[in-house]
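Please study the sequence and the three-dimensional structure shown below. The questions that follow are to be worked through in order.

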Amino acid sequence: LIATCIFVYGGVSLAQVEITPTRPEFVVANAASRDGQDLSGSWSYSIDPYRDGLYGFHGSPSGYGHQRFAPQDVDIATRRAPSALFEYDMARSPRVTLPSSWTNHAPEMRHYEGLVWYSRTFEAKKKRGERSFIRVGAANYTARVYLNGELAGTHEGGFTPFTFEVTDLVKSGENNVTIGVDSQRTDKSVPPPVTDWETYGGITRPVQFITTPETFIDDAWVRLDPDNRHIRVTVRLDGPKAASQPIQLSIEELGIDLREETNADGIWTAVFPAPERLVRWSPENPKLYDVTITAGEDDLAERIGFRTISVEGEDILLNGKPVYLRGISMHEEELGRDPSRVMTEAAARALLTEIKDGLNGNFVRLAHYPHSESTVRLADEMGLLVWSEIPVYWRIDWEDEGTLDAARAMLAENILRDRNRASVILWSVANETPVSEARNIFLNTLIDDVRELDDTRLVTAALLTSQSDQGDGEVARVDDPLVTSLDVMAVNTYNGWYGNVPLAEVHEISWLSDHGKPMIFSEYGAGAQAGFHEVKNPRKFTEEYQAEYYRQTLAMADRVPFLRGMSPWILKDFRSPRRQHPIYQQGWNRKGLISETGERKEAFDILAAYYRTMTETSD
Ligand code: GCB
């Protein structure tokens, strides 16, 4: 299936872009359910701003390096050889609880961008015929994983999981795992160094030591076919006995029990009629079924919802019926004055409940990068439709092959992790990227990847629009050439906050599109400091200004004939180093409808009432 094509632009033949998506070596579907150990907990850490652990003097090889020794060895070595020189000692370094970003390990690490070493030990017992892996849920931005001093693998990308096999490195007894995490990005990274959110370097999701049988179910995808009448299954085994292996799929509640065999590549695909009594998953009834797959010595349990999502003309259809996306955007940042991007299930539940019950929403945009798997699983369970995106944000190096490879890898890791989640309806490939030929090629490659990895969902990207007043009032046009490749047009629009249109006139803006596709407002928003009020002639950052901004924008939205949903910016105030107004911002982007501690601002009720009316009229 490997096809290549040559893109030529600006007179230069840029590169051969491989069409086959960059798949991770291991998917490890439902990794949290795997045997092994959760290595969350106490780790020692040491900062390494000059990357001495990687390179020695004048860039020579690293010598001992932080990763070479188990924590206790440094002390033992210097006792034995008093002249030995170590300028770190992981055993006596401070300890922190992982997962966590290092923003709050110590005050001086608040804005640290660079390398940090983490180390801990764990006990293991080697068994014949068993494989072992280290899996990291997310480490921002690059990571190097060592087991017992040996490099197990490296990874780029701060928001998607990665798994390295350590079967040959692990030993019975005590093992040392050391992870070097480097948050520094360059102009070739995804995202680039400048964004509008806190970097949160560190290991922000669980680290697991996983054991599996020699041949195991690496990937299993069970979904309702877009025809709404069949269930499709794709399972991939990994290991020496992957080929021609008996395999079984059961969904007891539906009386489904299939037994077949994998093909010569260890893959099993099946299509069978969906039973009459299959209940379709929806926000109103987020029905999940227990699905079990068994192959040889391995089995995998999943909870899966079945639904279709499609587009017909300017409508988005959920299970064949038009749906309006009553949403909001959110960052992965928990409530509280000192967040560290560790989204526990409870923390995610607190935020998603504000959307579902507080705002009467049915949709969340998980911006601007893949959020944790447990958040998406919670959306499945609670009944919230999800927009999932990768951090192709603002100014990416569109012409760099390494950058494209990094983005493609993130996309594949994200889709393969979450394509069993009924809640996810939209894969987004970019946010607010300036139009150019090179950018279009880059993003179209990603769009092709999505369609190859998952043909059951919609593709979108958050775009910018052009806007002008040629005597007939302000008119906004969706004229980004990327629209032709997308299923759903999404635009970010900030009239009344950024730009020159006076707030009082925002409701008069007209929208034009001749694409015949549905559009959603992927962002609009205004900042307000919770508790800052000015009733008469309110200025920016008052709750009243933000509330009026919502009134105006919603009145504008009512006049857009092809608008099928929105995810305003944003549920909660979030940390952003760009936002340093000493009174109103103090390092926080204040466009939240709730403050960082959960206080609702006036605009919250305006959006909640708007969405409530929509549910009443659609019932
Ligand atoms: C945007 C960006 C978002 C920013 C927001 C803002 O258009 O997509 O990441 O945080 O504007 O607040 O300016």
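Q: How many Å does helix 3 reach from its first C-alpha to its last?
A: Helix 3 covers residues 345–358, 14 residues in total; helices are DSSP runs of H or I with at least four residues, and strands are runs of E with at least two, numbered from the N terminus. This is a predicted model, in which local features need pLDDT of at least 70, side-chain atom pairs count only at pLDDT 80 or more, and totals for chains, interfaces and linings use all residues. Residues are numbered from 1 along each chain as its sequence is written.

Q: At which residue does helix 3 bend?
A: The bend is the angle between axes fitted to the seven residues ending at a residue and the seven starting there. In helix 3 this angle is about 25°, and its place is Leu352.

Q: Is Arg341 buried or exposed?
A: Arg341 is found in the loop between strand 26 (325–330) and helix 3. A residue is buried if 20 or more other C-beta atoms, placed from the backbone, lie within 10 Å of its own, exposed if 12 or fewer, and partly exposed in between. Because 29 other C-beta atoms lie within 10 Å, Arg341 is buried.

Q: Which residue does a cis peptide bond join to Trp569?
A: Omega of this cis bond is about 25°.

Definitions and conventions:
Expected span 1.5 Å × (residues − 1).
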